[in-house]
Amino acid sequence: MFFNPDFNRVKVFVVIIATILIAMMCSKAFAQMPPARYDHKFPGNLTVLRLDRVETVKRCGSTPSLFRIVFGCALVMTKTRCVVVVSDASWHPEVTLRHEIAHCNGWPRDHPP
Ligand SMILES: [Zn+2]
């Protein structure tokens, strides 16, 4: 049974999936730190909403998928007012918060360096 070729195929599959998951967890997309010039306190009125996964998706208007978990978003962005959502599902809420505050500070949505 142990050397059954089908079992080996399952092992290879599991290793591939595990590698993809680890790569995703380590990828910049999941914990992308903003460039230094946007990585500072928001100078205006900042509201931080900590919401559960479902409310985060509703507020952020995002479409989650198997490979995309919505960790947060920046909603209202003017020079004097910003509303940030941080999801309970965020693995690194402090990183998500810094990321979204950087959007409040003018970091474009496509995350240029
Ligand atoms: Zn972003």
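Reply:
**Val84 and its surroundings**

Val84 touches Leu46, Val48, Gly72, Ala74, Leu97, Glu100, Ile101 and Cys104, leaving aside residues up to four places away in sequence. Contact here means C-beta atoms, placed from the backbone, within 7 Å. The model is predicted: local features need pLDDT of at least 70, side-chain atom pairs count only at pLDDT 80 or more, and totals for chains, interfaces and linings use all residues. Residue numbers start from 1 along each chain, as its sequence is written.

Next, the core. Val84 belongs to the largest nonpolar core, a set of eleven residues. Phe42, Cys73, Ala74, Cys82, Val85, Val86, Ile101, Ala102, Cys104 and Trp107 are the others. Such a core joins buried Ala, Val, Leu, Ile, Met, Phe, Trp, Tyr and Cys residues through C-beta atoms within 7 Å. Buried means 20 or more other C-beta atoms within 10 Å of a residue's own. Strand S2 (72-77), strand S3 (81-87) and helix H3 (93-104) each give two or more residues to this core. S3 supplies the largest share, four residues. Helices (H or I, at least four residues) and strands (E, at least two) are DSSP runs, numbered from the N terminus. Across the chain of 113 residues, 19% count as buried.

Now the strands. S2 and S3 form a hairpin, with three residues between them. Their pairing is antiparallel, over four bridges; strands pair if DSSP finds at least two bridges between them. Gly72, a contact of Val84, has Val86 in S3 as its bridge partner. Three strands make an open sheet, ordered S1-S3-S2, with mixed pairing. The edges are strand S1 (45-51) and S2, each pairing on one side only. Neighbouring strands are turned by 15 degrees against each other on average, direction ignored.

Then the helices. Helix H2 (residues 53-60) packs on the sheet and touches S1, S2 and S3. Its direction makes about 145 degrees with that of S3. H3 also packs on the sheet, touching S1, S2 and S3, with its direction at about 155 degrees to that of S3. Axes are lines fitted to C-alpha atoms, for helices over the stretch in contact; angles run from 0 to 180 degrees between N-to-C directions.

Last, the whole chain. There are three helices and three strands, running α-β-α-β-β-α from the N terminus. Of contacts between residues at least 6 apart in sequence, 60% join residues at least 24 apart.

Definitions and conventions: Buried ≥ 20, exposed ≤ 12 C-beta atoms within 10 Å, placed from the backbone. Contact = placed C-beta atoms within 7 Å.
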